[in-house]
Amino acid sequence: MRVSEVQQESLTAAKAKWMYQKMVEIRRFEDQVHETFSTGTIPGFVHLYAGEEAVAVGVCSHLDDKDYITSTHRGHGHCIAKGCDLKGMMAEIYGKATGLCKGKGGSMHIADVSKGMLGANGIVGGGFPLATGAGLSAKLRKTGGVAVCFFGDGANNHGTFHEGINQAAIWDLPVIFVAENNGYGESTPFEYASSCKSIADRATGYNIPGETVDGKDTMAVYEAAQRAVERARNGEGPSLIECVTYRNYGHFEGDAQTYKTQGEREQHLNELDAIIRFREQLLSNNLATEDELHSIDENVRQAVADAVEFAEKSPMPEADQLTTDVYVNYKPGGEE
Amino acid sequence: MARQISFADAINEAIKETMRNDENVILLGEDVAGGADLDHLGDEDAWGGVMGVTKGLVQEFGRDRILDTPIAEAGYVGAAVSAAATGMRPIAELMFNDFIGSCLDEVMNQGAKLRYMFGGHAKIPLVIRTMHGAGFRAAAQHSQTLYGMFTAIPGVKVVVPSSPADAKGLLISAIEDDDMVVFFEDKTLYNVKGEVPEGHYTIPIGKADIKRSGDDLTIVAIGKQVNTALTAADQLAQKGIEAEVVDPRSLSPLDENTILKSVQKTSRLVIVDEANPRCNAATDISALVADKGFDYLDAPIKMVTAPHSPVPFSPALEDLYLPSPEKILAVVSELIDDESIVTI
C-alpha cells in the first residue's frame, strides 16, 4: 500500500519513526508482561494491548501533553503512546513504590496526569464522562487541548456511552471518542452484544461525525484522528472514530480464548499485523531505512529490559503508604 | 468422609438445583456462559463466568435461561428487577460488587422500593450474586467489600456466606425467597473446599451460625473473615482463651439474638469486617450490642476492619489492608489482660 501524497506531507519521516517506535514499545512491553505474568511475578489481573498498537499510536501522534486521554482496563498501550515512562509503568505493574502511581493502582489504573494520561480504568464505560469533563475543562480554560476517550466495543453498550457523548455533543466539546472494536467484549462477540452494525453508526444519533476505519492500518487511524482532532481544536465539537482491531492475547492473562478461531488468530498475528504493515509502508515510502528500524527495534528491546530490571530492583511501598493519598487534607476524628 | 467440593462448585450446584425445580429461574450477566452466537463453540460456554463459577450451566439449561448480557449493568440488573416483578425468578450476576456504581439506581431506587411504593402489590424475587473482597491483587475497583452499603437499604436482604456448605444452602434459600437478595461471594473463597451435602437443602436467611463455641469472648466475623477469626481463635486456645466465633451469614436480616446471647455468655466482643471502618457491618453490630447488650459487656467492643482507604494494588500494602489473625489477637489483648496474647 502506498502512503498518499497528502499523508506524506503531513507525516514527516521523524514522526513516522516515532510512531513505529511507540508501536514496537507497546508490542515488546506487552509481550514481556505476558511472559513475566506466566512466571507468577506480576500480581493481579493484566489485560494486554498487543495487536491494537495502531489505534493508540495513530491517535496519540496528534496529541501533546496539554491533551488528555482516558483509557480502559487494557491501558498499557495508551499509556505508552501518550508518553508514560516505561520504567514507571513496569514498576507500577509490579506493585513497586517507584511505579507511576506508587504501586497503589497497578496495571488497571496506571496514570500520569503530567502527560495528560487520566488513567487506565477498571470500570467499563468509565471513560466517557471523564473525557467529556476533560474536554469541558480544556474548553473553559482555553488551553487549546482536546480529550480523547479510548473505549472498547464492550463499552459501547454501556449507559455512559450515551450520556458522555451526548453531553460532549450538545456543548461542542473538543472530545474524540475512539472505539477499539477488537471483536469481543470479554468473551462475547461484538455482533451478539451490540444492536448496531458498526459503532460509528451510533454517531448519527448525536449529530456528530462517525467513521469506521481499519484499526490495524496505522495510516488510516492516523488520518481519521487528524480530521477529528482538527475539528475538536477548531471548536467544532466531538467526533466518533471506530477502529476495527484485534487483541493478540486474551481478555486477561489466563483466558483460554476458546471464543476465537485458530484461523482468525493466525491471520491477525501475521498478514494483518499492524506493525508488520506499518513497517512495510515506512520502507516502501522511504520514510525509514531497514537499518533505522532495526536500530529502533534493538533500542526498544533494551528499554523494556531496563524497565523490567528497574521494576525488579525497586522496593515495595512502605507500610505508611497504605492510608496516604486518600485525601488532600483530612483529619481522622475531625477538628479538635 | 462426606463429599468435599469448592465454594464455587457449591454455588454452581445451588443454581442448578433451583433451575431444575423452577423454570422461572434464569441467570443473566456478563459472560455467565460466554461466547454467545459462535458457531464453533456450539453448546459450549466460553467462560461460564469470569471465574468459571457458572460453567456448564448453559449446556443443561440453554441460552434462553443462561443469558449473556452486554456489559451494561444498569440494563440487565434493571431488567432483572422487572422480570422478577412480572413473574420470573432471576439471578443477576454482578461480576464485581464494585460495579454497583453502574447500576445502583436499579437496586436502590427500583428493586428495593417497588413493593413498598406499590403498597405491597408487587414482589421482587431477585437474587443479585456478586463477587467481593480484597486479597486478589485486583486493585481499587475490583476488590471492595460493599455489603454494608446494601444492608443500609430497606427492601434488600444481604447474605454473606463463609463456607461452601453455607453458600449452597443460603443461595438456594435466596433464589427461592420472594424478596430481593444481594448474595456476596468472596473471590478468594471460590477454591476453598468443604463438606457440602448433595441435592436440595436450604439454610434460613436471618439465622447466624456459631462456627466455634467458647466462653471467654465473642468474635463476630463476616464472610471469609470467619476463617481469619477461626485461626485467631485456635491461637487463643493455646493460651487457654476460648473464643466463640459467630458467623451472622446474613446481614439483613441480622440474627440479633444469637449475637446478643453469645455476648451475654462471654461479656467481650470483637467484630471482624474487612470493609472500610465507617458505617459498615461492624459498626452496625457494635451499635446493636451497645444498645441492647450493654449490661452484658465487661470491656469495650472492638472492631478489626480495613483502614479508611481504597484497596491498594501492591501486595505489600494489600496484605496490610486486610484483617489478620495478628490484628485480632492485638485487640483481644486489650480486652483480656494478658500481654502474652500478642506474642502467640
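The paragraphs below go through a predicted model, beginning with chain A as a whole and ending with some details of its backbone.

Chain A is built from twelve helices and seven strands. Its C-alpha trace spans about 65 × 45 × 40 Å along the principal axes. A compact globule of 336 residues would have a radius of gyration near 20 Å, and the 20 Å of chain A agrees with that. Of the 336 residues, 58% count as buried.

Helix H2(A), residues 13-37, lies against helix H12(A), residues 290-313, with the two axes 9 Å apart and an angle of about 40° between them. Because of this angle, H2(A) is oblique to H12(A). The crossing of H2(A) and H12(A) is right-handed. On the H2(A) side, the contact includes Tyr20(A), Val24(A), Arg28(A) and Phe29(A). H12(A) contributes residues including Leu293(A), Ile296(A), Asp297(A) and Val304(A). By type, the residues of this contact are nine nonpolar, two polar and six charged.

Chain A also touches chain B. This contact takes 38 residues from chain A and 37 residues from chain B. Strand S5 (188-189) and helix H8 (190-193) of chain A each supply at least two residues to the side that touches chain B. H8(A) gives the most, with three residues. The side of chain A that touches chain B has 16 nonpolar, 19 polar and three charged residues.

The last details concern the backbone. Most residues other than glycine have a negative phi, and most peptide bonds are trans. Asn207(A) has a positive phi of about 60°, and is found in the loop between H8 and strand S6 (210-214). It has 10 C-beta neighbours inside 10 Å, so Asn207(A) counts as exposed. Asn286(A) has a positive phi near 55°, and sits in the loop between helix H11 (274-284) and H12 of chain A. Asn286(A) likewise counts as exposed, because it has 10 C-beta neighbours inside 10 Å.

Where is the cis peptide bond in chain B? It runs from Ser252(B) to Pro253(B), with omega near 0°. Pro253(B) lies in the loop between strand S12 (250-252) and helix H9 (256-266) of chain B.

Methods. Residues are numbered from 1 along each chain as its sequence is written. Chains are lettered from A and ligands numbered from 1 in the order in which they are written. This is a predicted model: local features need pLDDT of at least 70, side-chain atom pairs count only at pLDDT 80 or more; totals for chains, interfaces and linings use all residues. Axes are lines fitted to C-alpha atoms, for helices over the stretch in contact, and angles run from 0 to 180 degrees between N-to-C directions. Helices (H or I, at least four residues) and strands (E, at least two) are DSSP runs, numbered from the N terminus. Angles under 35 degrees count as roughly parallel, over 145 as roughly antiparallel, 65 to 115 as roughly perpendicular and the rest as oblique. A crossing is left-handed if the near helix is turned anticlockwise from the far one by less than a right angle, and right-handed if clockwise. Two residues are in contact if their C-beta atoms, placed from the backbone, lie within 7 Å. Ala, Val, Leu, Ile, Met, Phe, Trp, Tyr, Cys and Pro count as nonpolar, Asp, Glu, Lys and Arg as charged, and the others, Gly among them, as polar. The radius of gyration is taken over C-alpha atoms; the globule rule is 2.2 Å times the number of residues to the power 0.38. A residue is buried if 20 or more other C-beta atoms lie within 10 Å of its own, exposed if 12 or fewer, and partly exposed in between; C-beta atoms are placed from the backbone.
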